[in-house]
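Biologist: Could you walk me through this model and tell me what stands behind each label?

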Amino acid sequence: MTIRTLLGTVAGLSLAAATPAFATTWDLSSEYPAGSLQGQTADFFAKAVAEKTDGEVEVTVHHGAALGYKSVDHFDAVGDGALQAASSAFVFWTGIDPIFQLSSLPFLAPTSKDVHDLYELAKPEYEKVLEDNNQMLLLATPWPSSGLWGNKPFTSTADLEGVKVRTYDVASTETIKNAGAFPIQISWADVPAQLSTNAIDAVLTSPNGGVGVQMWELQSNFTNVNYASSLQAIHLNLDAWDDLSEEEQAAVKEAATEAEDFGWGLLADATAKDFDTMRENGMTVTEEIPADFAQDLTAAAQPFIDKWLEDTGERAQSIMTAYQNR
């Protein structure tokens, strides 16, 4: 062996030692944009995993439904192993198990502390459903409370009459219908196209969700009805989890905890910043609605909440009782 060959071999061994030869790679799908709170949280998680495993585990986040999956598809895709991981809105899983409806029940958790308390109480139930379907809950973070995007402010039930409103689950569909509007339940990824063709007139979603797709290009007003601050989870295929070493599993759990804290921390200032962004882009923002309109909306939601409690049974009742008795 020549000196040149020997030096080349040593250099190659040094490079191999610095770079994992067989890094574990995961694809993480999300239908929301990178700039959204959930997009930022997913990117934070991916970066934290890479750092804490020294590159042994790499997570590639695919925003904006780039892989063709929506939240409703993620449950089976991750469980079956078509995806290793995904960031999914619970509101689209209510047909899989009604427990996922909890965080999007209308007007139930008005403050961020209420939202977090409800999550901690329900977390064991979320984990169980996922585990029964070959996946695990890594973390969950909230969306800012949903409001109504439209081309006019909504300050009474009269303003809602006949308006075609995008809703995202059975609860919002029933509530909007009871309030006098015409609900149309569609996935978030389909909203811009539906608006541009006038298939819908208004959209029920968070300020952050609308800002993420520059909704001001299609809507002129946002009304903060403080509907619900629903949760979004990052979940992982259990086979992918089992393929990790104990050290890698510990690192991923640590990354998930930090990403969850990061996501909840974003909530505090998000709405105020989003309101500023809306106004900077010419939108009119109604930050508070009249008390009688709020009461009408709460009354419109109550029949669904009552039925959800009855249908979901003891596990829902125990969570609600613990929540009310905090």
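Below, we go through some labels and the values behind them.

Modeller: A word on ground rules: this is a predicted model, local features need pLDDT of at least 70, side-chain atom pairs count only at pLDDT 80 or more, and totals for chains, interfaces and linings use all residues. Residues are numbered from 1 along each chain as its sequence is written, and side-chain values use heavy atoms, with hydrogens and water left out.

Biologist: Why is N224 called buried?

Modeller: Buried means under 20% relative accessible area, exposed over 50%, and partly exposed in between, with a 1.4 Å probe and protein chains only. N224 has a relative accessible area of 16%, so N224 is buried.

Biologist: And why is G68 called exposed?

Modeller: The relative accessible area of G68 is 57%, so G68 counts as exposed. G68 sits in the loop between β2 (57-62) and α3 (71-80); helices (H or I, at least four residues) and strands (E, at least two) are DSSP runs, numbered from the N terminus.

Biologist: Back to N224: what does its side chain have a polar atom 3.2 Å from?

Modeller: That is the backbone oxygen of E287, 3.2 Å from a polar atom of the N224 side chain. Leaving aside neighbours within four places in sequence, N224 is in contact (heavy atoms within 4.5 Å) with F275, T286, E287 and I289.

Biologist: What makes the phi of D54 worth a mention?

Modeller: Most residues other than glycine have a negative phi. D54 is not a glycine, and its phi is positive, near 55°. D54 lies in the loop between α2 (37-52) and β2, and at 64% relative accessibility D54 counts as exposed.

Biologist: How is the lining of the second largest cavity divided by class?

Modeller: There are 7 nonpolar residues, 1 polar and no charged. Ala, Val, Leu, Ile, Met, Phe, Trp, Tyr, Cys and Pro count as nonpolar, Asp, Glu, Lys and Arg as charged, and the others, Gly among them, as polar. The lining includes F107, L148 and T175. A cavity is a set of points on a 1 Å grid over the protein atoms alone where a 1.4 Å probe fits but cannot get out, and lining residues have an atom within 4 Å of a point.

Note on methods
Polar contact = N/O pair within 3.5 Å; in protein donor to acceptor, adjacent residues only side chain to side chain. 1 Å grid on protein atoms, 1.4 Å probe; cavity = no way out; pocket = protein on both sides within 12 Å on 5 of 7 lines; lining within 4 Å.
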